[in-house]
Every structure is written in C-alpha cells, then in structure tokens.
Amino acid sequence: MEYPSKLIEDAVNEVAKLPGIGKKTALRLVLHLLKRDEEQTETLATSLKAMRTGVQYCRKCHNLSDNELCSICASNKRDQSIICVVEDTRDVLAIENTAQFKGLYHVLGGIISPVEGVGPSDLQIDSLVDRLKGAEAEQVKEIILAISPTMEGDTTAFYLQKRLRPFKLKISTIARGVPIGGDLEYADEVTLGRSILSRIAYD
C-alpha cells in the first residue's frame, strides 16, 4: 500500500499492531484522527501516555489499578470471606458486569501452559497462598476458581486445588454447561457432558 506521507505510514504501522486491527482499519483510524481537532488528538495521546505510566497492579489482588490498592480491595462493602480467582483483568470486568458477585478477587496473570513456557512460578499463585496465610487468613471461607474450561485452565485449577487444600477452605468452581437460550443439538459433546454431570435439582 502506498502512503502519501511517511508519518502516516508510521502511524498506521503502529496502530495495526493492536489486536484485531488490520492495515485498512488502522489507516481509517489514522485518517480520522487527522480530521479531528489537533487538541482532541493531543488529549488522546496524553491519555494513552498517562495510562501507560500511571496504571499499576494492586498489591493485594494484582488487578489493574490507579492506586496501590484497587477500588475493590479498598472497599469495605465487599464480602471479605470469598475470593474469586481469575486469569486476568478482563475476567474481573466480565464478572463485575453481572453484578452478582460481591466478594474479592485474585488475578493470576495467566494460566499454566507448558507449550508456551508458562509454569506456576510465572503466575500470582504464591501471593494467593500468602494472602491465605496473612491478615485475611481468618476471614476467607471460600475460594471460587473462575478459570476458562480449557485444558490449560483445568490444569491450573487442579494445581490450585492441590496448593489450597491445606487451608481447609471451601473450593468451588463456576458452573459449566449449556447457556440459557441455547439448543442442545448445537452444544458440543464436552459442554453437554459437563451439563449432565453438573445437573441441579429442581426446588
């Protein structure tokens, strides 16, 4: 693709590095930015730079935060007896959007994946164990493993169960099965099988 400007070409190449954005979309975004007021483009650039330098990891749960403690860990309205263990911040956002969970979180920062060279020591597993040994030890009653139902996710959950067993806590996992509104004929065998095994009784 021929560009009318080397500066535009450089901008397009950088934007195209973002996930899900190809060269055509990147060019469209760059041209849109050129049409906007210079002040608006500078505001965007300033916001991105501030985000990159200012956002940090919560020292307690490892969620992304503007401060040393994230807003969830700092809140006295959250249920201190439940910790939901998730893979990354996107999972925290997804669960928070349901408005059904009022406990705390612990972000692992990934899942165990030998193929990608990610082992237990590369994740925030030791810090979870430390939380259960520290000030939160007497408060925490349950750990929810909200990890993707993949082979790597199941491996991570199995490892976590072994590490957490000595604490005598209730360890649960999120339910897996056929989604509401879904047809059985379109469900894959693994999902349908787990739905049968995890069946619930009518009240």
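Q: Which residues does C70 touch, leaving out those up to four places away in sequence?
A: In this predicted model, C70 touches C58, C61, N63, L64 and S65. The place of C70 is in the loop between strand 2 (64-65) and helix 4. C70 and Q56 are 14 residues apart in sequence, and their C-alpha atoms are 9.2 Å apart in space.

Q: Is C70 buried or exposed?
A: C70 is buried, because its relative accessible area is 2% and buried means under 20%.

Q: Where do nonpolar side chains tend to be in soluble globular proteins?
A: They tend to be buried together. Here the largest nonpolar core has 33 residues, and I83, C84, V85, V86, Y105, I143 and L160 have the most contacts inside it. Among the elements that give two or more residues to this core are helix 5 (89-98), strand 4 (104-107) and helix 7 (151-164). Strand 3 gives the most, with five residues. V85 touches residues including H106, L128, I143 and L160, not counting those up to four places away in sequence. Another core, of seven residues, lies apart from it and includes Y3, V15, A26 and V30.

Q: Which residues make the nonpolar surface patch?
A: L44, L48, M51, V55, Y57 and L64 make a patch of about 550 Å². Helix 3 (residues 38-54) gives the most to the patch, with three residues.

Note on methods
Residues are numbered from 1 along each chain as its sequence is written. This is a predicted model: local features need pLDDT of at least 70, side-chain atom pairs count only at pLDDT 80 or more; totals for chains, interfaces and linings use all residues. Side-chain values use heavy atoms; hydrogens and water are left out. Patches are made of residues with over 30% relative accessible area and no salt bridge: like charges are joined within 9 Å, nonpolar side chains (Val, Leu, Ile, Met, Phe, Trp, Tyr) within 5 Å. Accessible areas come from the Shrake-Rupley method with a 1.4 Å probe; for residues, only the protein chains shown count as cover. A salt bridge is a side-chain nitrogen of Lys or Arg within 4 Å of a carboxyl oxygen of Asp or Glu. Helices (H or I, at least four residues) and strands (E, at least two) are DSSP runs, numbered from the N terminus. A nonpolar core is a set of buried Ala, Val, Leu, Ile, Met, Phe, Trp, Tyr and Cys residues joined through side-chain atoms within 4.5 Å. Buried means under 20% relative accessible area, exposed over 50%, partly exposed in between (1.4 Å probe, protein chains only). Contact means heavy atoms within 4.5 Å.
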